[in-house]
Every structure is written in structure tokens, then in C-alpha cells.
Amino acid sequence: MAWLLPRLIAGLVALLVGGALGYLIGSPVHAPVLSMLLGGGCAVGVVAALDTLRGVRLIAWLRGPQDESAPRDAGFWGEIGYRVERAIRLREQGAAHEKTRLAQFLAAIEASPNGVMLLDANEQIEWCNSVAADHFGLDPQRDRLQRVTNLVRAPSFVSHLQSQRYDDAVVFRGPRGDATLSVLVRAYGDGQRLVLSQDITERERADAMRRDFVANVSHEIRTPLTVVAGFIETLSNLPLTDVERKRVLSLMSQQTQRMQNLVADLLTLAQLEGSPRPTVDRWVSVGRMLAHVSGDARSLSQGRHEIVAATVDDAVQIAGAESELLSALANLVNNAVRYTPDGGRIEIGWRLCPDGSGEFSVRDTGMGIAREHLPRLTERFYRVDGSRSRETGGTGLGLSIVKHVVQRHGAVLDIASEPGKGSTFRIVFPAARVRFLEPAPDPRRQLEATSAEAAADTR
Ligand code: ADP
């Protein structure tokens with residue numbers, strides 16, 4: 001009734017004022033009643049027309065986009081306008097807030113390293129993040145509302161999605177064929193499904209490498225172990241002469257040494273993988289290391305090769321871990337001796353390059369390596385000549401250790417080789433890890449120089 005009373009009052013006031021005015025105007029022409037009625041009627045009509053106009057303006061605003069404020073009228077229509085506008089603005093604020101939250105939520109899913117895709121009850125794509133788009137080869141905009149099974153056709157994925165049993169993840173090759181995907185589906189809402197995808201190519205590769213590694217190590221250990229077991233049996237069952245006994249024991253010792261070498265190399269590799277990178281504040285003398293490894297090479301060669309080693313000033317230093325660097329250099333030099341026939345030449349060199357980097361090199365005139373093997377040489381247990389490697393006590397891990405040490409020191413390993421002509425292995429250390437230490441000035445000499453200068457000045 002609150003809307004009716006002010007109107008009745010306004011109508012009544014208009015009727016009275018209009019009637020009074022009509023009466024005043026009608027009295028001189030002797031028609032006071034008629035003009036009073038006319039005046040009252042007109043006044044009520046004007047009030048009703050004004051009221052209708054306000055209502056029409058409010059309806060026009062409501063029909064529009066409501067970008068501007070509602071008509072600011074007094075009274076009933078003004079009140080309605082104000083309240084409707086307030087309700088609309090509150091709702092708009094709520095909607096804007098929800099929109100922002102949804103955008104933040106989607107941005108968080110977008111930032112996920114895993115693929116996320118939402119499917120409706122008809123397996124149509126409602127939304128997917130860019131990782132899922134990449135995994136499944138989709139276009140997030142173009143493929144919206146497309147049936148996912150029309151776009152991702154891997155049979156294991158299609159049957160898994162349609163099986164409605166989503167306990168385990170399904171693993172299959174991605175549509176581009178270069179990635180292995182692990183996909184987990186979860187049902188939610190009214191038949192909708194959440195599809196989570198993960199690229200497990202690297203994990204699979206690492207697993208395969210681990211499996212290969214274990215198989216290789218087992219094989220490498222089993223062979224000498226079988227030989228030793230055979231010899232033990234021979235020693236215990238057969239009456240051998242002293243010469244035969246010595247021979248068997250020497251062969252057993254060779255096989256044991258082989259296992260020891262393998263275990264030592266495996267431990268070195270494990271240590272290299274598990275310890276932090278060597279810092280750049282521990283300096284090692286290059287000359288001392290060269291002298292050390294060339295000495296080792298000579299004792300291994302026992303005069304069978306011509307071994308030439310550069311002599312380097314103690315002031316030339318490399319930043320790194322001495323034991324690691326020595327192990328890498330020793331492996332290269334050992335290989336040179338082992339893969340170079342008797343009478344061959346081995347050069348162990350060092351040079352400071354113009355850009356400040358330092359290059360350690362081992363050049364031999366040995367059997368060389370065919371080009372196709374070069375990229376795989378640093379793989380664990382990769383051997384070009386398996387029998388020669390084993391005969392000479394190789395483990396197949398030497399260059400793999402070298403690669404690790406080189407990487408940990410920010411250096412680069414370069415291999416050049418020609419079958420029948422020989423090989424050159426170079427390790428190039430970056431300038432930041434190489435220094436030439438100026439000798440500290442001799443205090444006695446400095447004193448002499450100062451007195452000489454003083455004498456010259458007095459003269
Ligand atoms: P290994 O213990 O078998 O020597 P490495 O990892 O040190 O293992 O070397 C891998 C393979 O590379 C060797 O088996 C050998 O075939 C080849 N190789 C390494 N150094 C030389 C070299 N100086 N000359 C020829 N072949 C080499």
C-alpha cells in the first residue's frame with residue numbers, strides 16, 4: 001500500500017488545487033462548478049501523466065544495457081530505480097569477482113606442469129590447458145566441444161575412457177609419436193571427466209637406462225666370476241703341476257683385477273654423480289698433473305711406446321678437483337697406451353689458447369676409431385673393440401668418467417680420430433678455470449732494484 005497512499009495524496013492535492021483554480025477562473029464567467037471540475041480533472045491528469053512518464057523512463061533504462069545510472073526521480077519510481085540499480089550493481093560486482101576467481105583458477109591449472117582436460121558427459125572437450133593441448137596435439141580454441149575420441153585415437157586411450165573404470169593410469173604413445181604419455185581419468189559431476197596427462201618419456205628413458213646399466217654390470221661381473229669359479233673347481237679337483245698351478249692362479253688374479261677395476265670405476269661414477277660440482281677456488285697445477293699421468297703412461301707402456309709429454313710451468317693452474325681431473329686425464333692416457341700398438345707414439349700436450357681457455361690433449365698413432373662410433377664413445381659400457389678392451393683390463397666406463405669430469409668442470413671433450421691413423425682426445429677448459437700465476441716478487445731483488453733507482457736519482 002506504500003505505493004498507493006502518496007499517489008492518492010498527490011491526486012487529491014492536484015484535484016483540490018486544480019478545482020480551486022478552476023473555480024476562481026470560472027466564477028467571472030458564471031460557470032464556477034464546471035470550471036472547478038475541469039480544473040480538478042486537468043490537475044489530476046497532469047499528475048498521472050508525470051507519474052506515467054517517470055515509469056516509462058525507468059522501463060526504458062531497464063530495457064537498455066544499464067550502463068548509466070537509473071533515472072534519479074523522487075518518490076515511488078525513484079525508489080524503484082535506485083533499488084533495482086543497486087541490486088544490478090551488486091550482482092555485477094559478484095559476477096566480476098567470480099570471473100576473476102575463475103580466471104585465477106584457470107591460470108593456476110594452466111601453470112600446472114601436467115596436462116588437464118575437462119570432458120562433458122558426451123566426451124566433448126570443455127576446456128584444456130596448453131600442456132594437455134601439446135600432449136594430445138589439440139588446439140584449445142578450435143577443438144572446444146569436439147569429441148575427444150575423434151581427435152585422440154590411440155586405441156588404449158579410447159577403450160580406457162569408455163571403460164568407465166579409471167583406477168589405473170593408461171600409458172600410450174602421444175599423437176606425435178615422440179612422447180610417452182601417462183593419462184589418468186577421474187569422473188566427476190554429472191558424467192563429466194577430468195583427464196590428467198603427464199609426459200613420462202624422460203622417466204621411461206631413465207628407467208630403461210637403469211635397467212640396461214644393471215644388466216651390463218651383472219654381465220661384466222658374471223663373466224670373470226664364472227672364470228674364477230671354474231679355476232677354483234679345477235684347482236680343487238685336478239692334480240696340477242706347479243707350472244699349471246701358477247698359470248691358473250695368474251689367470252684368476254687377472255679376472256679378480258678385472259672385477260676390482262670395474263668396481264673402482266663404478267664407485268668413481270657414483271661419486272661423480274652424487275657430489276656437488278667442484279668449486280672454482282681450488283687451483284691445481286697443470287704441470288704436476290701432466291708429470292703424474294705421463295709417469296703412469298710410461299709404467300703402463302713399459303717402453304713399448306714413444307711417450308712425449310709437454311713440460312708445463314707450475315704457475316699454470318686449473319680450477320677444480322685434483323682427484324677428478326687426474327682420473328679423467330689418466331683414463332685418456334691409459335686408453336692411448338692400450339689402443340696403440342707397440343712402437344706407436346703418444347703425445348700428452350697442453351696449450352693456453354688466445355681466448356684464455358686451456359687445452360689438454362692426448363694424441364696417439366693407434367688403431368683409431370671409425371666415425372660412426374664417435375658419438376657413442378662416452379656411453380657407459382660402449383666399446384668399439386670389446387675384446388681388446390677386456391684383454392687390456394678395460395671396463396667400458398673410462399670415457400664415461402671422462403665425460404662426467406669434463407661436464408662438472410664446465411669443459412668440453414672433443415674427439416677426433418681416423419681408423420688406422422690414430423686419435424686425438426682434447427679437453428678444453430674455459431678461461432674462468434685457467435690461470436697463469438705470476439710469481440710473487442722476491443723481496444731481496446725488489447730491495448736491490450729500489451736502491452739502484454735511488455742511486456740513479458742522486459746521480
Ligand atoms: P674401455 O675401458 O673399454 O677402454 P672407454 O670408455 O675408456 O672404455 O673407451 C670406450 C671405447 O672407446 C673403448 O672400448 C675403445 O674401443 C674406444 N677407445 C677409447 N680410446 C681409444 C683410443 N685412444 N684409440 C682407439 N680406441 C679408443
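Some ground rules to begin with. Residues count from 1 along each chain as its sequence is written, and side-chain values use heavy atoms, without hydrogens or water. Since we are working with a prediction, local features need pLDDT of at least 70 and side-chain atom pairs pLDDT 80 or more, while totals for chains, interfaces and linings use all residues.

Let's start with the ligand. Where does it sit? In the largest pocket. A pocket here is an open set of points on a 1 Å grid over the protein atoms alone, with protein on both sides within 12 Å along at least five of seven lines, and sitting in it takes more than half of the molecule's atoms within 2 Å of its grid points.

Around the ligand there are 21 residues, and Asn335, Tyr339, Ser389, Thr395 and Leu399 come nearest; being around it requires a heavy atom within 4 Å. The shell splits into nine nonpolar, eight polar and four charged residues, with Gly counted as polar and Tyr as nonpolar. Helix H10 (322-338) gives the largest share, three residues. Helices are DSSP runs (H or I) of at least four residues, and strands (E) of at least two.

Now the polar contacts, meaning N or O pairs within 3.5 Å. A ligand oxygen is 2.7 Å from a side-chain N or O atom of tyrosine 339, and a ligand nitrogen is 3.0 Å from one in aspartate 364. At leucine 399, a polar backbone atom is 2.8 Å from a ligand oxygen. On its own the ligand exposes 530 Å², of which the protein buries 98%, by Shrake-Rupley with a 1.4 Å probe.

Finally, the strands, which pair if DSSP finds at least two bridges. S9 (residues 345-352) runs parallel to S7 (residues 306-309), joined by four bridges. With S10 (residues 358-364), S9 pairs antiparallel over seven bridges. Five residues separate S9 and S10 in their hairpin, and glycine 356 in the turn has a positive phi of about 95°.

Technical notes: A polar contact is a pair of N or O atoms within 3.5 Å; within protein, one must be able to donate a hydrogen and the other to accept it, and residues adjacent in sequence count only if both atoms are side-chain atoms. On a 1 Å grid over the protein atoms alone, a cavity is a set of points where a 1.4 Å probe fits but cannot get out, and a pocket is an open set with protein on both sides within 12 Å along at least five of seven lines; lining residues have an atom within 4 Å of a point.
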